Amino acid sequence: MQHKKLLAISILVAAVLTLFVMAYAQGTPPTYQLLATIQIPGGGLCTGCAGGFDISWVDPGSQRFYLTDRTVNKGGGKIDVVDTQTNKFLYSIPTSAAGVGFSGTVPAVTPGCNIGGPNGVLVIPQLNQAYASDGDATMKVIDLGAKAVIAIIPLGGKCRSDEEAYDPVHHIVMVANPNDDPPFITFISTDTQTVVGRYTYPSSQSAQKGAGLEQPAWDTFTGKFYIANPANPTDNTTGSIDVFNPTTFQLEKSIPTPNGGNGLVITPSHKAFTSHGVVVDILTGNILATNANPGADQIWYNVGDNRVYFGVNGTSPVVDADTNTFLVNLPSAAGHTLAVDPNTNHIFAPVTGAGIKVFAAQ
């Protein structure tokens, strides 16, 4: 009998200690370490280079990291590809000077009308293709097997095309032209590789040229497109998350967001995180939380650890997507874009003049 009582007490003590350890672990912010720095030959990242880059993407199936690299010269733009298992640079697309390239680094002829590229990129695994938006207001379709551009889709603008999102149900890519006056959004069918819809913002919002229409996302639950619209033309401080129907190609509603925000991701729990620290319930439009404004460009939701990563020059905050709270900044300087491989939870953050830095939680 005494033995049974001692056993019960031991089990109770073990359970309490387990709960204590779990509570302590949850209350302790994670720490990240720099695993590697990947050098990109001839790109805008290498030591001593002055070229630029924009958006990145991780395809977890193939474990590849893709970066839009404008390099330093006009016409020299490319997509850099990295193996996220080995942290090794693989190749750039195009693989040779004979291939169709991108605009590269080009000075703006008209103020506010950036014409450099590539800018946005996303991978569609089912097609083994990537869609990359360029500075000449085109979308370039890449065959990932052939490592080459196989189609060029004109979008009808004068300035660069920027970030993208993909609807796998209707096979539609949404891409913004934020620098045109007025700005507009284009919808592309990946079945036909043609433009099937377009939404032009009212001329009253042309003040957003150069400041509006940033990172879009598609939500599985609602079946809608969402795009960060960071600048209100009347006061230039508040913004909105604009909601689009992927079949009518029309703006259905706008969800107001304080502080605006360039970056946008949506989690499985129906939360939209903006790059300026605001968390919104996309079903109700309610503001759930507001973290300190990190002022990021692209942000990334990683399903592997349920965290949101912010691409910020100098510091890159990490936020818990469950509690909506700030956890820690990534060590070392990071660029304005990053992406995370959910297989390993490794973060890939390009840094000008250094390379692609790879971080991991300790």
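Guide: Let us begin with one term: a residue is called buried when its relative accessible area is under 20%, exposed when it is over 50%, and partly exposed in between, using a 1.4 Å probe and protein chains only. The model is predicted, and local features need pLDDT of at least 70, side-chain atom pairs count only at pLDDT 80 or more, while totals for chains, interfaces and linings use all residues. Residues are numbered from 1 along each chain as its sequence is written, and side-chain values use heavy atoms, with hydrogens and water left out.

Visitor: OK, so is Y201 buried or exposed?

Guide: Y201 is buried, with a relative accessible area of 2%.

Visitor: And which ring does Y201 pair with?

Guide: Rings of Phe, Tyr and Trp (its six-membered ring) pair if their centres lie within 6.5 Å, and planes under 30 degrees apart count as stacked, over 60 as edge-to-face and the rest as tilted. By this rule, nine aromatic pairs are counted. For W57 and W300, the ring centres are 5.4 Å apart and the planes stand at 80°, so this pair is edge-to-face. W57 belongs to strand 2 (residues 52-59) and W300 to strand 23 (residues 299-302), 243 residues apart, and the pair thus links distant parts of the chain. A strand here is a DSSP run of E with at least two residues, numbered from the N terminus. W57 is partly exposed at a relative accessible area of 25%, whereas W300, at 11%, counts as buried. Y201, which you asked about, pairs with F244: the centres are 6.4 Å apart and the planes at 65°, so that pair is edge-to-face.

Visitor: Where do Y201 and F244 sit in the chain?

Guide: Y201 lies in the loop between strand 14 (194-200) and strand 15, while F244 lies in strand 17, 43 residues apart, and this pair too links distant parts of the chain. F244 counts as buried, since its relative accessibility is 0%. Both residues belong to one aromatic cluster, formed by F187, Y199, Y201, F225, F244 and F249.

Visitor: You mentioned strand 17. What order do the strands of its sheet come in?

Guide: Two strands pair if DSSP finds at least two bridges between them. Four strands form an open sheet in the order 15-16-17-18, with antiparallel pairing. Strand 15 and strand 18 are the edge strands, each pairing on one side only. Strand 17 (residues 239-244) joins strand 18 in the antiparallel sense over six bridges, and D242 has S254 as its bridge partner in strand 18.

Visitor: Switching topic: how many salt bridges are there?

Guide: A salt bridge means a side-chain nitrogen of Lys or Arg within 4 Å of a carboxyl oxygen of Asp or Glu, and the search of the whole structure finds nine. One of them involves K224 and E252, whose closest N and O atoms are 3.1 Å apart. That pair also links distant parts of the chain, with K224 in the loop between strand 15 (216-218) and strand 16 (225-229) and E252 in strand 18 (residues 251-257), 28 residues apart. E252 is partly exposed, at a relative accessible area of 42%.

Visitor: One last thing: how covered is strand 4?

Guide: Strand 4 (residues 74-83) is mostly covered, with seven of its 10 residues buried. A hairpin with two residues connects strand 3 to strand 4, and strand 3 (residues 64-71) runs antiparallel to strand 4, joined by six bridges. F65 has V82 as its bridge partner in strand 4, and V82 in turn has F89 as its bridge partner in strand 5. Strand 5 (residues 88-93) pairs with strand 4 over five bridges, again antiparallel. In their hairpin, with four residues between the strands, N87 takes a positive phi near 60°.
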